[in-house]
Amino acid sequence: MTAIQNPRSGQLGSGKIAPQYKRSGGSKGNFEMLAWLFMRLSGVVLVVLIFGHLFVNLLVGEGIHAIDFGFVAGKWADPFWQFWDLAMLWLAMLHGTNGVRTIINDYAEKDATRFWLKVVLYAASAVIVILGTLVIFTFNPCPVVDGVQLPGGFCPAP
Amino acid sequence: MWSWVGHRITGVVIFFFLLVHVLDTSLVRVSPEAYTAVIGAYKNPLMALGETGLVAAIIFHAFNGLRVIAVDFWKKGAKYQRQMLWVVLALWLVTFAGFAIRHLSLALGGH
Ligand code: HEM
C-alpha cells in the first residue's frame with residue numbers, strides 16, 4: 001500500500017505555496033500579481049534597451065575593437081546614454097532578481113534554505129544596482145592622468 | 001515544456017553574466033587603465049565564442065519572453081502558442097545568424 005505523504009510545502013507566506021492554494025488571505029496583498037505584471041512590462045522594454053545596447057556596442061563601426069575607456073566615457077558624457085544604461089540596469093536587475101526568486105521558491109524545499117538563498121540574492125542584487133547607479137552618475141569622462149588631459153572630442157579643452 | 005526549460009536556464013545565465021558585467025564596467029570609475037586591461041581580456045577568440053553564446057541565450061529569452069507575453073495578454077495567444085514557438089525559433093535563427101556573422105568576423109578578423 002502506498003502511503004500518501006504529508007505535503008512538503010513550507011509555511012504560508014514563505015513563497016512555496018502558489019497563491020491560489022492558500023486558504024488564508026495572507027498579508028502579501030497583491031504583490032505576486034504586481035510581480036507577474038512587472039515581469040511582462042519590463043520584458044517588453046528590455047527587448048528595446050538590450051537589443052539597442054548590443055547593436056551600438058558590438059555591431060556598429062569596429063564593433064568590440066572600439067570598446068575602451070574612451071568609448072564608455074564618450075557614451076556617458078551624453079545624458080541620453082546615461083539614462084538608457086540606468087534604465088537597463090534597474091529593469092534588468094529587478095526582472096532578473098524576481099525571476100531568480102521564483103526559481104528559488106520552486107526548487108529549494110526547506111524553509112531555511114529558501115530564506116538564506118533569498119537573503120544572498122537580495123544582498124547581491126542591491127550591491128550591484130547601487131554600485132552600477134553610482135558609477136553611471138559619479139563617473140568623470142575627462143580624467144586628468146599624470147597631469148595630462150585624456151583626449152576625447154567630448155571633453156572641454158584643458 | 002522545453003521552451004520553458006530553455007527560458008529558465010537562459011534567464012539565470014543572463015542574470016549571472018549581468019552581475020559580472022556591471023562589476024567589470026565599474027572599473028571605468030577606478031581608472032582608464034584598469035578598465036582597458038579588463039576589457040582587453042574580452043578581446044580574444046575564446047571570449048568571442050562565449051559572447052556569441054551569451055547573445056544566443058539573450059535573443060532566445062527575449063523572443064520567447066515576448067511569446068509568453070502574447071500567450072498571456074492576446075486573446076488568441078494560447079491557441080497559437082505552438083505556431084508562435086516556431087516564429088520564435090525562426091526569428092532567433094535569423095537574428096542570431098546576423099549577429100554571429102558580424103560579431104565573429106569583427107572579433108576574429110584580427111586588427
Ligand atoms: C530581453 C528582454 C526580456 C524579455 C522579453 C523577458 C521576458 C520574460 C518573461 C515574460 C518571463 C516570464 C515571467 C513569468 O513566467 O512569470 C521572464 C522570466 C525570467 N527572466 Fe526575462 N526577459 C528579458 C530579459 C531578461 C534579462 C536581461 C534577465 C537577467 C538579468 C532575465 C531573467 C529572467 C529570469 C531569471 C526569469 C525567470 C524564469 C522562470 O521563472 O522560469 N530576463 N522573462
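What is the geometry of the site of the iron atom of the ligand, given the angles among its six donor atoms? The legends below take up this point and the surroundings of the ligand.

This is a predicted model, in which local features need pLDDT of at least 70 and side-chain atom pairs count only at pLDDT 80 or more, while totals for chains, interfaces and linings use all residues. Residues are numbered from 1 along each chain as its sequence is written, chains are lettered from A and ligands numbered from 1 in the order in which they are written, and side-chain values use heavy atoms, with hydrogens and water left out.

**View 1. The iron site.** The site is octahedral, with angles of 86 to 179 degrees among the six donor atoms (opposite donors over 155 degrees apart, all others between 65 and 115; donors are N, O and S atoms within 2.8 Å of the metal, or 3.2 Å for Na, K and Ca). Ideal angles for six octahedral donors are 90 or 180 degrees. NE2 of His95(A) and NE2 of His61(B) coordinate the iron atom at 2.0 to 2.1 Å. This pair crosses between chains, from helix H3 of chain A to helix H3 of chain B (helices are DSSP runs of H or I, at least four residues). Both His95(A) and His61(B) are buried (under 20% relative accessible area, 1.4 Å probe, protein chains only).

**View 2. Polar side chains at the ligand.** A polar side-chain atom of Arg40(A) lies 3.1 Å from a ligand oxygen atom, and one of His7(B) lies 3.2 Å from a ligand nitrogen atom.

**View 3. The shell between the chains.** The ligand lies between chains A and B. H1(B) gives the largest share of the shell, eight residues.

Notes:
Near = heavy atom within 4 Å. Polar contact = N/O pair within 3.5 Å; in protein donor to acceptor, adjacent residues only side chain to side chain. Helix = DSSP H or I, 4+ residues; strand = E, 2+ residues; numbered from the N terminus. Tetrahedral: all angles 85-135°; square planar, octahedral: opposite > 155°, others 65-115°. Buried < 20%, exposed > 50% of the residue type's maximum accessible area, 1.4 Å probe, protein only.
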